[in-house]
Amino acid sequence: MADQPLLAESVLGWSIFTCILLGILAFCWVYIRKFQSRQESEVVSTITAICALAIALITSALLPVDIFLVSFMKYPNGTYKEWAANNGTRGQIEDTVLYGYYTLYSIILFCVFLWIPFVYFYYEERDDDNRNKCSQVKNALKYTFGFAVVCVVLLLIGAFVPLEPPPGQNSTQWEKVQYLFEELGSSHGLPALSFSISSLTLIGMLAVITYTAYGMSVLPLNLIKGTRSVVYERLENTEDIDDVEHQIEKLKSKCKDGRPLSSRDRHNLQELEGKLQVLQRRGRHLEIAERNCCTKVGRALRPLKILLGIFFILVALLLIVALFISNLDKALHSAGISSGFIIFGTNLTNPLNELLLALQPVFPLDYILITVITMYFVITSMAGIRNMGIWFFWMRLYKIRPKKTRPQALLFLCMILLLIVLHTSYMIYSLAPQYVMYGSQKYLVQSKMPTAGSTSGNATFGTTRTCDADAPEDQCTVTRSYLFLHKFWFFSTIYYFGNWAFIGAFLIGLVVSCCRGKKSVIEGEVEADDSDLSDDEYVH
């Protein structure tokens with residue numbers, strides 16, 4: 001009979017996970033197709049981008065399942081349910097989640113170090129006539145081999161980094177070597193995989209500080225401020241065209257008598273003619289936007305956009321406040337840098353942590369909230385990438401624009417988003433540490449209370465407490481996600497300081513976004529380096 005509740009709980013959890021999976025696949029397909037260039041569309045790169053983004057989101061969706069399973073093992077009074085009373089049963093359930101993390105993280109390593117680099121270089125090596133496929137594949141494999149070497153090095157470092165104190169100085173060399181092999185064999189490869197994923201998460205942290213922090217400020221304020229009037233933009237664009245045409249006529253009038261133009265005048269004439277082409281294309285786009293039904297619907301939904309922008313900025317402020325309180329708690333109550341600023345409970349009241357703990361017993365409300373937070377990070381990250389573009393230090397590599405994004409840029413985009421979503425697992429832990437570690441688990445503490453009368457003994461009663469580090473080991477189950485996040489203390493230390501940098505970047509982005517004016521109604525559609533053929537995508 002105990003197997004029936006176990007089966008029911010497992011089916012419920014994994015059924016909702018399956019629904020989320022289907023929703024993620026649909027979202028990824030729409031997301032990539034929205035930004036994909038219709039002229040340079042590539043089937044392989046499109047499928048790669050959709051799959052890579054879906055795998056990252058699926059991995060983040062596994063976190064609520066992990067928390068749900070450890071929480072549903074217990075009743076609200078702190079006792080285990082009948083089907084979870086056995087340690088072996090609890091271990092079997094958690095091992096299922098652990099194998100899920102193993103599988104998804106291994107696929108992520110495959111995508112980052114093999115699949116995406118191969119597709120990227122395969123497309124880069126393509127000739128105009130696209131005939132020499134063998135040379136194309138050979139060159140792509142040659143460059144991908146370098147990424148594979150990096151992956152192997154990270155796995156080896158993670159496998160042999162000792163997690164326990166090493167043997168003393170009096171030990172022989174063989175004992176030290178034997179110790180390393182025992183460390184590798186006893187963990188079944190968990191540290192190796194965890195080290196590799198943590199290294200990628202470290203890169204994701206830089207992307208979160210750069211793109212997500214800025215996107216969390218620019219997206220809500222753009223919704224609140226709205227766009228410029230298309231009628232006013234057309235009038236302004238027409239005036240600019242007249243002014244440029246007048247300057248061109250003025251330059252051309254210098255050579256009416258047969259005298260050639262000076263090199264400076266020829267250079268200015270070329271610049272003005274290029275500027276005129278951009279303005280004329282801009283005028284065509286503005287004309288299409290004025291007739292477009294979406295623009296008219298957008299004006300009608302202006303109040304809803306303002307409300308949505310206010311909601312987004314309130315969510316951003318809630319996340320920043322929760323992150324600040326969590327970091328302050330770590331600074332005040334953790335053991336410091338040497339422990340990775342790890343704390344096993346919440347000493348300061350964290351609003352998001354309390355909200356998740358309140359919603360967790362009513363499944364799937366917490367699942368929905370965690371999914372919303374994850375999608376919020378993805379959407380704001382995409383807003384940051386779209387506004388900033390993809391940069392390598394001071395060099396802009398690619399622009400992200402609707403219907404005009406090149407296949408290589410899409411692969412870079414999904415690589416960045418994949419790394420960002422990896423880091424969101426630690427971000428969510430920082431926002432709600434108690435929830436990520438134990439869910440809503442409680443445990444019973446037996447206490448003795450003296451009773452009235454000399455002949456009576458002491459009565460025993462039980463009180464429930466929220467699971468923390470002081471709880472008995474057999475009374476509270478830690479999520480497998482937490483074990484992955486905190487396998488190496490030095491990564492936790494870097495993540496801690498990264499959270500402070502994230503808060504600072506958000507505040508700077510908020511100031512910059514407030515100082516900027518309204519964006520154009522055709523923002524990102526017309527650039528000087530676009531060809532006239534690209535307008536065909538908007539005309540039809």
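Modeller: A salt bridge is a side-chain nitrogen of Lys or Arg within 4 Å of a carboxyl oxygen of Asp or Glu. The model discussed here is predicted: local features need pLDDT of at least 70, side-chain atom pairs count only at pLDDT 80 or more, and totals for chains, interfaces and linings use all residues. Residues are numbered from 1 along each chain as its sequence is written, and side-chain values use heavy atoms, with hydrogens and water left out.

Biologist: Why is the contact of Arg-291 and Glu-287 called a salt bridge?

Modeller: Their side chains meet at 3.3 Å, N to O, and the rule asks for a distance within 4 Å, so the pair qualifies. Side chains of opposite charge can pair when their charged atoms come close. Arg-291 and Glu-287 are 4 residues apart in helix 8, so about one helical turn separates them. Helices here are DSSP runs (H or I, at least four residues), strands are E runs of at least two, and both are numbered from the N terminus.

Biologist: How many salt bridges does the rule give?

Modeller: The count is 3. Among them is the pair of Glu-236 and Arg-228, at 2.8 Å, N to O. Another is formed by Arg-282 and Glu-233, likewise with 2.8 Å from N to O. Arg-282 belongs to helix 8 (residues 263-291) and Glu-233 to helix 7 (residues 230-252), so this bridge ties together parts that are 49 residues apart in sequence.

Biologist: What makes Glu-233 buried or exposed?

Modeller: Its relative accessibility is 2%. Buried means under 20% relative accessible area, exposed means over 50%, and partly exposed lies in between (1.4 Å probe, protein chains only).

Biologist: Which class do Arg-291 and Glu-287 receive?

Modeller: Arg-291 has 53% relative accessibility and is therefore exposed. Glu-287 has 36% and is therefore partly exposed. The pair of Glu-236 and Arg-228 can be read in this way too: Glu-236, at 29%, is partly exposed, and Arg-228, at 25%, is partly exposed.

Biologist: What makes the group that includes Leu-314 a nonpolar patch?

Modeller: A patch takes residues with over 30% relative accessible area and no salt bridge; nonpolar side chains (Val, Leu, Ile, Met, Phe, Trp, Tyr) are joined within 5 Å, and like charges within 9 Å. Val-297, Leu-301, Leu-304, Leu-307, Ile-310, Leu-314 and Leu-317 form the patch, with about 630 Å² of accessible area together. Such areas come from the Shrake-Rupley method with a 1.4 Å probe; for residues, only the protein chains shown count as cover. Leu-314 counts as exposed because its relative accessibility is 52%. Helix 10 (residues 302-333) supplies the largest share of the patch, 5 residues, and Leu-314 is found in helix 10.

Biologist: Why is an empty space called a cavity, and why is another called a pocket?

Modeller: Rolling a probe the size of a water molecule over the atoms shows where empty space is left. On a 1 Å grid over the protein atoms alone, a cavity is a set of points where a 1.4 Å probe fits but cannot get out, whereas a pocket is an open set with protein on both sides within 12 Å along at least five of seven lines; lining residues have an atom within 4 Å of a point. Grid points are joined across faces, edges and corners, and a volume is the space filled by probe spheres set on the points.

Biologist: How many cavities are there, and what lines the largest cavity?

Modeller: There are 2 cavities of 30 Å³ or more. The largest cavity has a volume of about 90 Å³, and its lining includes Tyr-105, Ser-194, Phe-484 and Tyr-495. Helix 6 gives the most to this lining, with 4 residues.

Biologist: How is the lining of the largest cavity divided by class?

Modeller: The lining has 6 nonpolar, 4 polar and no charged residues. Here Ala, Val, Leu, Ile, Met, Phe, Trp, Tyr, Cys and Pro count as nonpolar, Asp, Glu, Lys and Arg as charged, and the others, Gly among them, as polar. The second largest cavity, of about 50 Å³, has a lining of 5 nonpolar, 3 polar and no charged residues.

Biologist: What is the volume of the second largest pocket, and which residues are closest to its centre?

Modeller: The second largest pocket holds about 930 Å³ of space. Of its 27 lining residues, the closest to the centre are Ile-203, Phe-392, Phe-412, Ile-416 and Leu-419. By class the lining has 25 nonpolar, 2 polar and no charged residues.
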